[in-house]
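Visitor: I have a model open and would like to go through a few spots in it. Can you take questions as they come?

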Amino acid sequence: MIEREQIISEYFHSWINKNNTRLREIFAPNVVYTECYGPEYHGLSTIERWFEDWNTRGTVLTWEINQFIHQGNLTVVEWYFKCEYESEIGAFDGVSLIEFNADNQIVNLKEFQSKTPHYYPYT
């Protein structure tokens, strides 16, 4: 479980550092990655292309992990994300459902988003 937490933390930091050198160790070749707003990437080479393309137009400012939940080959991570993309700042809370293979490589990752700031609608 600790190893998976380290892998996920390293992946998040790769975006902050704009460093894709460990993606081939983190993801299985046949990975499927679904972003929280719709795009879905099939295969490691597509994820590498997306990483490079996104980082030419944007910068991840923070990607903070709040908690991990583990069950079998699945890990859920709750996080806060903030970036600058095409000169606009965006931020939201999120959850990723991450499936690992026997080699502790990510084979499936699905992101879900919750807009911030949160508010109480019955004041």
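Guide: What follows is a walk through parts of this predicted model.

Visitor: Start with the helices. At what angle do helix 1 and helix 3 pack?

Guide: Helix 1, residues 2–17, and helix 3, residues 44–57, pack at about 40 degrees, and their axes are 10 Å apart. Angles under 35 degrees would count as roughly parallel, so this pair is classed as oblique.

Visitor: Which residues make the contact?

Guide: Helix 1 contributes Y11, S14 and W15. From helix 3 come W50, F51, W54 and N55.

Visitor: How many of those are nonpolar, polar or charged?

Guide: Five are nonpolar, two are polar and none is charged.

Visitor: Take N55. Buried or exposed?

Guide: N55 has a relative accessible area of 10%, and the limit for buried is under 20%, so N55 is buried.

Visitor: What does the N55 side chain reach?

Guide: The side chain of N55 reaches the backbone oxygen of F51 at 2.9 Å. Leaving out residues up to four places away in sequence, N55 touches W15 and K18.

Visitor: Switching to the strands. Where is Y33?

Guide: Y33 is in strand 1, which covers residues 27–34. Its relative accessibility is 0%, so Y33 counts as buried.

Visitor: What does Y33 touch?

Guide: Beyond residues up to four places away in sequence, Y33 touches Y11, F27, P39, E40, Y41, I47, W50, W63, L109 and E111. Y11 and W50 also belong to the contact between helix 1 and helix 3.

Visitor: Which side chains make polar contacts with the side chain of Y33?

Guide: One is the side chain of Y11, at 3.1 Å. Another is the side chain of E111, at 2.7 Å.

Visitor: And F68, how many Å separate its C-alpha atom from that of Y33?

Guide: The two C-alpha atoms are separated by 19 Å, with the residues 35 apart along the chain.

Visitor: Back to strand 1. In which sense does strand 1 pair with strand 6, parallel or antiparallel?

Guide: Strand 1 pairs with strand 6, residues 106–115, in the parallel sense, over four bridges. In that pairing F27 stands opposite I106.

Visitor: How many bridges join strand 1 to strand 2?

Guide: Three bridges join them, and strand 1 and strand 2 (residues 40–42) run antiparallel. Here Y33 stands opposite Y41.

Visitor: What lies between strand 1 and strand 2?

Guide: The two strands form a hairpin with five residues between them. In the turn, G38 has a positive phi of about 125 degrees.

Methods:
Residues numbered from 1 in each chain as written. Predicted model: local features only at pLDDT ≥ 70, side-chain atom pairs only at ≥ 80, totals over all residues. Heavy atoms only, no water. Axes fitted to C-alpha atoms, helices over the stretch in contact; angles between N-to-C directions. Parallel < 35°, antiparallel > 145°, perpendicular 65-115°, else oblique. Contact = heavy atoms within 4.5 Å. Nonpolar A, V, L, I, M, F, W, Y, C, P; charged D, E, K, R; others polar. Buried < 20%, exposed > 50% of the residue type's maximum accessible area, 1.4 Å probe, protein only. Polar contact = N/O pair within 3.5 Å; in protein donor to acceptor, adjacent residues only side chain to side chain. Pairing = 2+ DSSP bridges.
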